[in-house]
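Thanks for coming. I will walk through one chain, from its overall layout to a few single residues.

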Amino acid sequence: MAHVLGRSLWCLAARVARVIRVEALWLSVAPLDMRAGMDTLLAQVVQVFGEARPHHAYLFANRRGTRLKVLVHDDQGIWLACRRLHQGRFRWAAGNGSLTLSQAQFDALVLGLPWQQLRDDGVIRMT
């Protein structure tokens, strides 16, 4: 019975992973009030990035850099994910506007690594 249940959950997870396809990652540099819900965040995406494109993920952080929200438009609806750090801070870019991230930079960002120094070969260098 446990084997059948485990296989069912794995199949469900595989179907969900196909739905949440992300082709581009965008980072908003300006801090966001983390009380913002899905509709407010979608309006912020349109304001900062000009539009909410299907299969693109939009990242926002609070002023202190301890919380992160990711909004993904999957062409049929909107997904919203949140992450809160109990210790440390996300390393965020300074200024205004937005940046494009690679998958490797995104992975480093959510782990708290210095993603700005990450190069195409995956090596982090101090400049």
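A residue counts as buried when its relative accessible area is under 20%, as exposed when that area is over 50%, and as partly exposed in between. With that cut-off, the buried residues of α3 are Gln105, Phe106, Ala108, Leu109 and Val110. Please keep in mind throughout that this is a predicted model.

First, the layout. The chain has 127 residues, and 33% of them are buried. Its secondary structure amounts to 3 helices and 5 strands. In sequence order the pattern runs α-β-α-β-β-β-β-α. Take the contacts between residues at least 6 apart in sequence: 49% of these join residues at least 24 apart.

Back to α3, which spans residues 103-111. What covers its buried residues? The cover includes β1, β2, β3, β4 and β5. Just after this helix comes Gly112, with a positive phi of about 85 degrees.

Next, α2. This helix covers residues 38-49, 12 residues in total, and its first and last C-alpha atoms are 16 Å apart, close to the 16 Å expected at 1.5 Å a residue. Which residues of α2 are buried? They are Leu41, Val45 and Phe49. These residues sit on the same side of α2, because they cover an arc of only 50 degrees around the axis.

The buried residues of α2 pack against β1 at 24-28, β2 at 56-61, β3 at 67-73, β4 at 78-84 and β5 at 98-101. On the face turned away from that buried side are the exposed residues Asp39 and Gln47. Asp39 has a relative accessible area of 66%, so it is over the 50% cut-off for exposed. Asp39 and Ile78 are 39 residues apart in sequence, yet their C-alpha atoms are 9.4 Å apart in space. Just after α2, Gly50 takes a positive phi of about 90 degrees.

Now the loop between α2 and β2, which holds Ala52 and also His55. Is Ala52 buried, exposed or partly exposed? It counts as partly exposed, at 22% relative accessibility. Leaving aside residues up to four places away in sequence, Ala52 touches Leu42, Val45, Val46, Tyr58 and His73. One of these, Val45, is among the buried residues of α2.

His55 counts as buried, at 12% relative accessibility. Its phi is near 65 degrees, a positive value in a residue other than glycine. Asp75 is in the loop between β3 and β4. At 52% relative accessibility, Asp75 counts as exposed.

On to strand β2, where we find Leu59. How accessible is Leu59? Its relative accessible area is 0%, so it is buried. Beyond residues up to four places away in sequence, Leu59 touches Leu25, Trp26, Leu27, Ser28, Leu68, Lys69, Val70, Trp92, Leu101, Phe106 and Leu109. Two names in that list, Phe106 and Leu109, are buried residues of α3. Leu59 and Leu99 are 40 residues apart along the chain, and their C-alpha atoms are separated by 9.8 Å.

Last, the largest pocket. Its volume is about 150 Å³. The lining consists of 13 residues, and those nearest the centre are Leu68, Val70, Ala81, Phe106 and Val110. Which elements supply at least two residues each to that lining? They are β3, β4 and α3. By class, the lining has 11 nonpolar, 1 polar and 1 charged residues.

Notes. Residues are numbered from 1 along each chain as its sequence is written. This is a predicted model: local features need pLDDT of at least 70, side-chain atom pairs count only at pLDDT 80 or more; totals for chains, interfaces and linings use all residues. Side-chain values use heavy atoms; hydrogens and water are left out. Helices (H or I, at least four residues) and strands (E, at least two) are DSSP runs, numbered from the N terminus. The expected span of a helix is 1.5 Å times one less than its number of residues. Buried means under 20% relative accessible area, exposed over 50%, partly exposed in between (1.4 Å probe, protein chains only). The arc is that of the directions from the helix axis to the C-beta atoms. Contact means heavy atoms within 4.5 Å. On a 1 Å grid over the protein atoms alone, a cavity is a set of points where a 1.4 Å probe fits but cannot get out, and a pocket is an open set with protein on both sides within 12 Å along at least five of seven lines; lining residues have an atom within 4 Å of a point. Grid points are joined across faces, edges and corners, and a volume is the space filled by probe spheres set on the points. Ala, Val, Leu, Ile, Met, Phe, Trp, Tyr, Cys and Pro count as nonpolar, Asp, Glu, Lys and Arg as charged, and the others, Gly among them, as polar.
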